[in-house]
Amino acid sequence: MEVPITESIHETTTDTDDVDESVGQIVEKPILNGSPEPQPTGQPITAWASQPQPTDQPITASAPVTHFRCLAFIRKAAAMLDMAVLPTSTASVIYHRCYMVVEPTDYDQYNIATAALYLAGKAEEQQVKLRDVVNVSHYLLHQDDKPITIGETFWDLRDSVIAAELFILRLIGFNLYCDHPHRYLLHYLKSLSDWLGPVVWKRCKISQSAWTFLNDSYMSRVCVRTAPHTLALAAVYLAVDINKVDVPGNLEASCPWWQVFNDDVTIEELQEVCREILEVYVNESGELSGEMETLVDYDDPINTLDILELE
């Protein structure tokens, strides 16, 4: 008799004594588009794609899901799993690293995203149960279906995530280290709040805006192409300009205010990072918040920097 996942059942882990011996056997196995990458025997990496998909964005080799939607999927799943910001960000970085090496049509993007989320929990020492990862991921992709039960489908999906986990580790050279910009942003915001004073700081929304920009930067590859301290500074730079805050002494100083935090970056480099962050909103205008919809010029993205007064 099949038992619902949501009920109390034995804990499913990926310890060596719980994984089939066939997982360690590597053979040449085509994946989706026929890429001849070695895969664990009997563990198809296409298990998620074999299930019914949301009608608005089916998973097929000819119509891959956009990376934006997969990264949004990671964020939603992480939130349901009560994962903190850093593990969620690490999952996004792992996902980006994978698809900087392979093409989106080569592998099931949702399977890679699910395995990246599971790996990130281990890397950031906030490990989540594999059973919960499978359950949440399946729910997000099949919200109209009944909860998945312990049976052939569940074991196929579970084994698929294990196979994808091993594949990702080999693909990215077992490099799970991520130097995130969050700690830099904390220091920058603390210094800026002291600089502006409590009255101005409480009135403006620099902190909220900066954290939003930083977290949303993980929806594009700017988070893996940019040094963490530069990415954090770009988030603060955008937040200050959007909130139209004049930093005291900026006009009289020998250097602009942002250079006090980081004098290794030029204004051109900083604005380029800002542009890449803003492209997340420009390219996915349907996902924008009301605040950003009034600030971003969808018809002419080049003018976005002018709108945000980043000259």
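Hello everyone, this is a short walk through the structure above, from the overall fold to a few side-chain contacts.

A word on the model before the details. It is predicted, so I describe local features only where pLDDT is at least 70 and side-chain atom pairs only at pLDDT 80 or more, while totals for chains, interfaces and linings use all residues. Residues are numbered from 1 along each chain as its sequence is written, and side-chain values use heavy atoms, with hydrogens and water left out.

Let's start with the whole protein. Its secondary structure comes to 13 helices and two strands; these are DSSP runs, H or I with at least four residues for helices and E with at least two for strands, numbered from the N terminus. Of the 311 residues, 50% count as buried. Buried here means under 20% relative accessible area, exposed means over 50%, and partly exposed is in between, using a 1.4 Å probe and protein chains only. The accessible surface comes to about 15,300 Å², from the Shrake-Rupley method with a 1.4 Å probe, and 50% of that surface belongs to carbon and sulfur atoms. As for contacts (heavy atoms within 4.5 Å), take those between residues at least 6 apart in sequence: 74% of them join residues at least 24 apart.

Now, please find helix H10, residues 228-242. Its 15 residues reach 21 Å from the first C-alpha to the last, close to the 21 Å expected at 1.5 Å a residue; the expected span is 1.5 Å times one less than the number of residues. How many residues of H10 are buried? The count is 14 of the 15, so this helix is largely enclosed by the rest of the structure. After H10 comes Lys 244, which has a positive phi, near 55°.

On to charged pairs. The whole structure has seven salt bridges, where a salt bridge is a side-chain nitrogen of Lys or Arg within 4 Å of a carboxyl oxygen of Asp or Glu. I picked three of them to show you.

In one, Arg 75 meets Asp 216 at 3.0 Å, N to O. This pair links distant parts of the chain, with Arg 75 in helix H1 (residues 67-80) and Asp 216 in helix H8 (residues 206-216), 141 residues apart. Arg 75 is partly exposed at 30% relative accessibility, whereas Asp 216 is buried at 14%.

Another joins the side chains of Lys 122 and Glu 165, at 2.5 Å from N to O. Lys 122 sits in helix H3 (residues 109-123) and Glu 165 in helix H5 (residues 152-171), so the bridge ties together parts that are 43 residues apart in sequence.

Next, the rings. Rings of Phe, Tyr and Trp (its six-membered ring) pair if their centres lie within 6.5 Å; planes under 30 degrees apart count as stacked, over 60 as edge-to-face and the rest as tilted. By that rule there are nine aromatic pairs. Among them is the tilted pair of Tyr 107 and Phe 167, 4.7 Å centre to centre with 45° between the planes. Tyr 107 is in the loop between helix H2 (85-99) and H3, while Phe 167 is in helix H5, 60 residues apart. Both Tyr 107 and Phe 167 are buried.

For an edge-to-face example, look at Trp 195 and Phe 261: their ring centres are 6.4 Å apart and their planes stand at 65°. Trp 195 belongs to helix H6 (residues 182-196) and Phe 261 to the loop between H10 and helix H11 (267-283), so the pair ties together parts 66 residues apart in sequence. Trp 195 is partly exposed, at 31%, and Phe 261 is buried, at 17%. Ring pairs also link Trp 195 and Phe 261 with Tyr 188, Tyr 237 and Trp 257 into a cluster.

Let me finish with Cys 98, in helix H2. Cys 98 is buried, with a relative accessible area of 1%. Which residues does Cys 98 touch, not counting those up to four places away in sequence? They are Ile 112, Ile 168, Leu 171 and Ile 172. The C-alpha atoms of Cys 98 and Ala 116 are separated by 9.2 Å, and these two residues are 18 residues apart along the chain.
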